[in-house]
Amino acid sequence: HFLLFLSILLTTASGYLINNFYDIESDRINEKLVNDLSAHNLIRLYFIHLILSFIILFTSSLSAGWILMVMICHVLVFSYSLLFQKIPLIGNVLVSFLCFIVVVIPQLLIPDYFYFKNFNINDNLIITYSVFCFIITLKREIIKDIEDQNGDQKTGNYTIPIILGLKFTKVLISVLVIIELIFMYLVL
């Protein structure tokens, strides 16, 4: 299980590396602190993390299902950076889903705890945490789109603030905050 954790950590790191590679121009326009890493080094580090994540999984005694899941996550992360971050809401939902998966993974190791028993939140805590993680990440990704609006517009990334406007985006974020508050109230 520790090796699975390391593999997931490396998969996440590879996602940040490939995303930084595709966002170099947008980050410069947005005057974000761009690391001293060149595009060449970002790609090289991405592939090192990608390969290490699979080497670690192959040395573990976990089933092939875990290798398939990590492979799918790598494909989703790469697809997000290459294509989906440019499409309104789809990229945001994809990143939120990947965060949802990370919260669910420990429970997948012990299947008895993952069954949806009823509609009582206390009996389904992992589902509760996972959904909460999804909502928080979705809100965070949309807020990041507002911050990156200038660079995204100039580089052809059509995010929610660019397509639907800042006012609508703020209303959407407010709705997500209200859902979070309701969710927290139900959990408490």
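**A walk around the largest pocket**

Sort the lining of the largest pocket by class and you get 23 nonpolar, 13 polar and nine charged residues. Keep in mind that you're looking at a predicted model. The pocket holds about 960 Å³ of space, and its lining runs to 45 residues. If you want to centre your view, go to Gly 15, Tyr 16, Asn 19, Tyr 80 and Lys 144, which lie nearest the middle of the pocket.

Which elements give two or more residues to that lining? They are H1, helix H2 (24–29), helix H4 (64–82), helix H5 (90–109) and helix H6 (125–147). H5 supplies the largest share, with eight residues.

Is Ile 90 buried, partly exposed or exposed? Its relative accessibility is 43%, so Ile 90 counts as partly exposed: that class sits between the under 20% of buried residues and the over 50% of exposed ones.

Now hop over to H1, which covers residues 2–22 and includes Phe 5. Phe 5 is partly exposed as well, because its relative accessible area comes to 49%, and the exposed class takes over 50%. Where does the chain bring Phe 5 in relation to Val 102? The two are 97 residues apart in sequence, yet their C-alpha atoms are 9.5 Å apart in space.

Technical notes
Residues numbered from 1 in each chain as written. Predicted model: local features only at pLDDT ≥ 70, side-chain atom pairs only at ≥ 80, totals over all residues. Heavy atoms only, no water. Helix = DSSP H or I, 4+ residues; strand = E, 2+ residues; numbered from the N terminus. Buried < 20%, exposed > 50% of the residue type's maximum accessible area, 1.4 Å probe, protein only. 1 Å grid on protein atoms, 1.4 Å probe; cavity = no way out; pocket = protein on both sides within 12 Å on 5 of 7 lines; lining within 4 Å. Points joined across faces, edges and corners; volume = space filled by probe spheres on them. Nonpolar A, V, L, I, M, F, W, Y, C, P; charged D, E, K, R; others polar.
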